[in-house]
Amino acid sequence: MRLTDMADELYTAATDLPGGVRAATAKRGGVTVTRVEIAREGLEKPRGRYVTLEVPSVSVLDERDADVIETSAAELRALLPPEGPVLVLGIGNRRVTADALGPRTAQKILVTMGPQHTLPVRGIRPVAALAPGVSGDTGLTLRQLAAAMVDAVRPAALICVDSLCSAEAARLGRTIQFSDTGLHPADARHARHLDAAALGVPVIAAGIPTLMMAQEGKDLVVTPRELDSVIAHGAALLGAAINRALQPRLSIAQLCWLVG
């Protein structure tokens with residue numbers, strides 16, 4: 001079994017798919033979109049929908065790349081409930097570069113909940129964002145923190161942003177994945193399992209692969225050479241896509257100005 005968080009690395013339209021799995025790939029401008037739908041349990045990935053977008057290296061993209069943002073936002077919006085508050089969690093350790101995508105993305109989210117964030121525009125969706133940190137700093141597990149925040153915010157959905165693992169070095173920093181299955185890390189040693197069954201609300205996972213387990217042993221990892229740029233630009237890109245998905249009445253330029 002290949003250690004990967006990417007559903008399209010396990011199930012591709014060009015191979016024989018197991019029963020209950022569908023996969024299709026299409027081009028949208030300069031972005032290749034692969035949708036994988038798993039309709040039964042017992043496979044390598046949980047049942048649900050997965051969308052992968054192949055893009056130029058995110059190290060050279062950011063919140064100004066409208067084509068990638070619009071395509072990403074449309075795919076993410078299709079996985080979300082149409083209305084209601086949304087809580088965005090940036091999962092990971094901001095002090096470890098390969099694991100900092102989630103916390104860095106949370107800083108790019110347009111927060112609209114709370115009196116200090118009241119905007120004079122109708123149709124603005126309530127959004128809260130937080131990077132809960134790691135259990136070594138808080139003494140609480142990710143699930144405990146997420147459950148407490150869900151109880152406080154009462155969101156219609158939770159978006160969890162995390163760094164992902166790929167089985168192919170060429171895809172590091174070059175793909176984006178969204179899924180409606182929650183967080184289910186390929187590496188069972190990670191305690192980052194968050195889903196609707198645990199939290200009682202839909203959990204959407206979003207991420208970019210930033211590491212690959214080396215063939216020599218599971219304690220060795222491979223990261224992209226331009227890792228710092230992948231994290232910085234990837235966080236800006238994901239943040240812009242999430243903001244555009246949640247606030248379709250605002251343009252990308254308006255969202256960038258509001259986030260600052």
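Which residues of the largest nonpolar core touch the most other members? In this predicted model, that core has 39 residues, and those that touch the most other members are L53, V88, I159, F178, I242 and L246. Two or more residues come from each of strand 2, strand 3, helix 2, strand 4, strand 6, strand 7, strand 8 and helix 7, and the largest share, 10 residues, is given by helix 7. Apart from this core lies another one, of 17 residues, which includes L89, A146, C160 and A205. In soluble globular proteins, nonpolar side chains tend to be buried together.

Helix 7 (227–246) deserves a description of its own. Its 20 residues reach 28 Å from the first C-alpha to the last, close to the 28 Å expected at 1.5 Å a residue. Because 16 of the 20 residues of helix 7 are buried, this helix is largely enclosed by the rest of the structure. Leaving aside residues up to four places away in sequence, L246 touches L80, V86, V88, R125, V127 and I159.

| Salt bridge | N to O distance |
|---|---|
| E9 and R171 | 3.0 Å |
| R47 and E41 | 3.5 Å |
| E70 and R244 | 3.1 Å |

The side chains of E9 and R171 meet in a salt bridge; since E9 lies in helix 1 and R171 in the loop between strand 6 and strand 7, the pair ties together parts that are 162 residues apart in sequence. E9 is buried, with a relative accessible area of 5%, and R171 also counts as buried, at 9% relative accessibility. The salt bridge of E70 with R244 links helix 2 to helix 7, across 174 residues; here E70 is partly exposed at 32% relative accessibility, whereas R244 is buried at 15%. Through salt bridges that share partners, D8, E9, E54 and R171 are joined into one network.

What does K45 reach with its side chain? K45, in the loop between strand 2 and strand 3, is buried yet has no salt bridge, the nearest side chain of opposite charge being that of D5, 4.3 Å away. The side chain of K45 instead reaches the backbone oxygen of T4, at 2.6 Å.

A last point concerns R154, found in the loop between helix 5 and strand 6. Phi of R154 is near 55 degrees, a positive value in a residue other than glycine, and at 60% relative accessibility R154 counts as exposed.

Technical notes
Residues numbered from 1 in each chain as written. Predicted model: local features only at pLDDT ≥ 70, side-chain atom pairs only at ≥ 80, totals over all residues. Heavy atoms only, no water. Helix = DSSP H or I, 4+ residues; strand = E, 2+ residues; numbered from the N terminus. Buried < 20%, exposed > 50% of the residue type's maximum accessible area, 1.4 Å probe, protein only. Lys, Arg positive; Asp, Glu negative; His and termini not counted. Salt bridge = Lys/Arg side-chain N within 4 Å of Asp/Glu carboxyl O. Polar contact = N/O pair within 3.5 Å; in protein donor to acceptor, adjacent residues only side chain to side chain. Core = buried A, V, L, I, M, F, W, Y, C linked by side-chain atoms within 4.5 Å. Contact = heavy atoms within 4.5 Å. Expected span 1.5 Å × (residues − 1).
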